[in-house]
Amino acid sequence: MQCMVEIYCADHHPASGSVPCEQCAEFLGYAELRLEKCPYGEDKPTCARCPVHCYKRRQREQARTIMRYSGPRMIRRHPWLALLHVLDKLRRVEHPME
């Protein structure tokens, strides 16, 4: 998520320089906190395949906007991470309570 936020912020908030702006940094902190509390732990699936919605509505919309913009750009800027993300989308996901 950090790479996606950096891509999005650099293109949409260029005044912030090489570090994420305050709004993007706040979102990134929220995302990291939610990942720490995720019931899947290290085996967390991609957000699109996850049956557990761990973000609040506003942050979920913000994440969706960031991912839609940054996803296609990840191929050029971070090809290895983009490939791992595609492979991760292919794996089967079960609900953590099953």
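Me: Is Thr46 buried or exposed in this model?
Reply: This is a predicted model. Thr46 lies in the loop between helix 2 (22-36) and helix 3 (57-77). Its relative accessible area is 4%. Buried means under 20%, so Thr46 is buried.

Me: Which residues is Thr46 in contact with, leaving aside its neighbours within four places in sequence?
Reply: Contact means heavy atoms within 4.5 Å. With the neighbours within four places in sequence left aside, the contacts of Thr46 are His85, Asp88 and Lys89.

Me: How many Å apart in space are Thr46 and Met4, C-alpha to C-alpha?
Reply: In sequence, Thr46 and Met4 are 42 residues apart. In space, C-alpha to C-alpha, the value is 13 Å.

Me: How many disulfides does the structure hold?
Reply: Take Cys54, whose nearest cysteine sulfur is that of Cys38, 5.7 Å away. A disulfide needs sulfur atoms within 2.5 Å, so Cys54 is in no disulfide. For the structure, the number of disulfides is 0.

Me: What is the orientation of helix 3 and helix 4 to each other?
Reply: Their axes come within 6 Å and cross at roughly 125 degrees. Angles of 65 to 115 count as roughly perpendicular and those over 145 as roughly antiparallel. Helix 3 and helix 4 are therefore oblique.

Me: Which residues of helix 4 make the contact with helix 3?
Reply: Helix 3 brings Met74, Ile75, Arg76 and Arg77. By class, the contact has 5 nonpolar, no polar and 2 charged residues. From helix 4 come Pro79, Leu81 and Ala82.

Note on methods. Residues are numbered from 1 along each chain as its sequence is written. This is a predicted model: local features need pLDDT of at least 70, side-chain atom pairs count only at pLDDT 80 or more; totals for chains, interfaces and linings use all residues. Side-chain values use heavy atoms; hydrogens and water are left out. Helices (H or I, at least four residues) and strands (E, at least two) are DSSP runs, numbered from the N terminus. Buried means under 20% relative accessible area, exposed over 50%, partly exposed in between (1.4 Å probe, protein chains only). Axes are lines fitted to C-alpha atoms, for helices over the stretch in contact, and angles run from 0 to 180 degrees between N-to-C directions. Angles under 35 degrees count as roughly parallel, over 145 as roughly antiparallel, 65 to 115 as roughly perpendicular and the rest as oblique. Ala, Val, Leu, Ile, Met, Phe, Trp, Tyr, Cys and Pro count as nonpolar, Asp, Glu, Lys and Arg as charged, and the others, Gly among them, as polar.
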